[in-house]
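Please look over the sequence and the structure before reading on.

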Amino acid sequence: MIAIEHLTKRIGETTLVDDVSMVVDTGTITVVVGTSGAGKSTLLRMINRLITPTSGRVLIDGQDTMDIPEDRLRHRIGYVIQGNGLFPHRTVAGNIATVPRLLGWDQKRIRRRVEELLDLFQLDPAEFANKFPRHLSGGQQQRVGVARALAAEPRLLLMDEPFGALDPIIRGKAQADLIAIQRRFGTTIVLVTHDMEEAFHLGDRIAVMNDAQLLQYDTPAQLLTRPAAGFVERLVGSSDRPFRLLSLAKVRDAMEPGDAPGEPIDPDVNLRDALSRLIWAGADRLPVAHGNDTATAHISVSGILSHGRPPQ
Amino acid sequence: MQFDFSTFLVLIGFGPMGWGAQLLRGAATTIEISVASYVLGLALGLVGCWAKLSGGLIATRVAELYTTLVRAIPALLLIILLYYTGTSMFDAAMGLVGLKGRITLSGFATVVFALGFIKGAYMTEVFRGAMVSTPKGIHEAGKALALPPLIRFRLVTFPLMLRIALPGLGNLWQSALKDSALVSVVGFEELLNVGKIAASQTKFYLSFFLLVAAMFLAISLISNLFIDRLERRLNRGFV
């Protein structure tokens with residue numbers, strides 16, 4: 001658990017982060033979103049002390065980060081920066097092994113860890129371990145950047161606009177990978193982005209920042225249905241708000257008892273995709289079932305639509 | 001006087017009349033002076049670069065004074081100044097710490113110091129230029145991975161900086177090689193000085209000077225092979 005308490009950063013007359021307090025639960029993805037210059041990156045860098053706060057403190061599992069030696073702290077916290085920051089003169093394996101080497105792991109353990117991470121990111125070790133970053137595509141470089149940050153098995157991963165430079169298709173893949181890895185290792189992730197879509201896609205909770213202040217920190221659904229007046233409302237209150245809300249809920253949340261004719265839908269599909277299926281099939285209702293199981297429930301257009309507006 | 005080739009061959013040979021051994025010794029001295037002063041210059045250049053980019057106000061000012069003065073004053077004049085005052089200043093300094101006369105500065109050390117001191121000023125600028133050209137994200141990544149400052153420098157900053165600095169450093173090596181001839185002014189027996197003595201004693205002026213020129217060229221060509229190799233190594237991952 002990370003507790004951020006009254007964190008403030010001032011440089012001269014300028015306040016970059018103004019009295020921010022929030023709690024990040026272990027094993028969750030928290031997305032900090034806001035326009036550029038809102039103070040998101042500064043907030044992130046105060047967590048691993050790349051920037052020293054003017055006042056306030058950060059507690060990791062109850063321990064004040066100022067009481068942990070800087071290098072120990074940063075070895076426990078993976079950090080992925082904008083544009084990946086790979087060392088261009090070191091191979092993929094060399095880049096990933098940076099921190100394990102520093103920590104004095106033996107050769108065998110380092111090699112195993114590098115191979116494990118490359119496999120995890122679907123990069124064949126035999127092909128990629130000895131390549132230089134320049135010879136990889138943008139998406140591959142990005143994956144190596146995350147692999148390097150994860151090399152020493154940190155419990156906490158900070159990511160500063162990690163997918164900003166990727167094209168939409170590769171970005172979608174990278175986001176899916178991140179969620180998979182987070183599920184697998186239970187890593188706590190704090191991710192900074194200016195992309196609202198990305199925030200809703202990845203975040204268990206979303207922190208909205210503007211002008212150095214934390215305006216709202218809530219679950220995506222709360223953010224959509226009860227946005228704070230002003231900036232947050234304008235940010236989330238676009239015409240596709242109902243659809244965003246639908247994509248946060250699953251079929252299992254909206255299904256009703258009783259069978260229906262047609263091709264069954266999996267209960268783990270989100271409601272936005274389910275609605276697409278219904279529209280496309282020209283049906284008012286479709287059965288819900290896992291794979292080839294017999295359907296005992298169905299989903300209807302009206303049932304889905306009721307999830308696309310705030311509860312009364 | 002008619003050029004007598006067979007006499008010249010005897011004069012550059014290794015017999016009792018020949019200057020061959022002395023010329024080779026002169027060449028060896030030239031290489032020693034060049035390498036030693038170059039290494040000293042590299043060290044001073046790194047310190048100067050650090051002082052200019054991340055030192056405090058005083059260190060920055062001192063480094064600026066150093067590069068401005070050294071690059072403005074002719075090398076020949078600086079060598080004469082440092083050679084004749086350097087030894088007495090060193091003796092005085094030794095006197096202050098109570099070691100008067102116990103440690104003395106050899107002619108070689110003085111000459112190397114003078115040349116290295118000059119090279120260091122140019123190296124400072126070459127390194128500084130290279131340093132500011134290294135990508136900023138890399139340094140931040142190094143910090144975020146918690147590499148200790150010295151390891152960060154050795155593993156990341158230095159190799160990247162060196163790659164950018166190498167053409168400039170190669171240039172400075174060529175000039176260090178030639179500048180070593182300047183110390184003939186204080187009577188040091190390096191290659192050019194030996195050639196001059198041989199030329200005046202045998203009266204084969206042009207021949208000896210051409211031979212010395214050829215020897216400088218040879219040393220330079222051989223060192224180019226090393227520089228090319230280093231360049232290829234540092235370019236790994238960039239092409």
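In what order do the elements of chain B run from the N terminus on? They run α-α-α-α-α-α-α-α-α.

## Basis of the report

This is a predicted model, in which local features need pLDDT of at least 70 and side-chain atom pairs count only at pLDDT 80 or more, while totals for chains, interfaces and linings use all residues. Residues are numbered from 1 along each chain as its sequence is written, chains are lettered from A and ligands numbered from 1 in the order in which they are written, and side-chain values use heavy atoms, with hydrogens and water left out.

## Chain B overall

Chain B has nine helices and zero strands (DSSP runs numbered from the N terminus: helices are H or I with at least four residues, strands are E with at least two). Along the principal axes, the C-alpha atoms of chain B fill a box of roughly 75 × 55 × 30 Å.

Of the 239 residues in chain B, 41% are buried. Buried means under 20% relative accessible area, exposed means over 50%, and partly exposed lies in between, with a 1.4 Å probe and protein chains only.

## A nonpolar patch

Leu76(B), Ile80(B), Tyr84(B) and Val185(B) make a nonpolar surface patch of about 350 Å². Such patches consist of residues with over 30% relative accessible area and no salt bridge, with nonpolar side chains joined within 5 Å and like charges within 9 Å; a salt bridge is a side-chain nitrogen of Lys or Arg within 4 Å of a carboxyl oxygen of Asp or Glu. Areas come from the Shrake-Rupley method with a 1.4 Å probe.

Val185(B) belongs to the loop between helix 7 (149-179) and helix 8 (191-202) of chain B. Val185(B) counts as partly exposed because its relative accessibility is 41%.

## Aromatic rings

Over all chains, the whole structure holds seven aromatic pairs (ring centres within 6.5 Å; planes under 30 degrees apart are stacked, over 60 edge-to-face, the rest tilted). The rings of Phe153(B) and Phe158(B) are tilted because their planes stand at 40°, with the centres 5.4 Å apart. Phe153(B) is partly exposed at 30% relative accessibility, and Phe158(B) is partly exposed at 25%.

## Gln216(A)

Gln216(A) lies in strand 10 (residues 213-218) of chain A and is buried, with a relative accessible area of 10%. A polar atom of the Gln216(A) side chain lies 3.0 Å from the backbone oxygen of Arg226(A). The Gln216(A) side chain also reaches the backbone nitrogen of Ala228(A) at 2.7 Å.

Note on methods
Rings of Phe, Tyr and Trp (its six-membered ring) pair if their centres lie within 6.5 Å; planes under 30 degrees apart count as stacked, over 60 as edge-to-face and the rest as tilted. A polar contact is a pair of N or O atoms within 3.5 Å; within protein, one must be able to donate a hydrogen and the other to accept it, and residues adjacent in sequence count only if both atoms are side-chain atoms.
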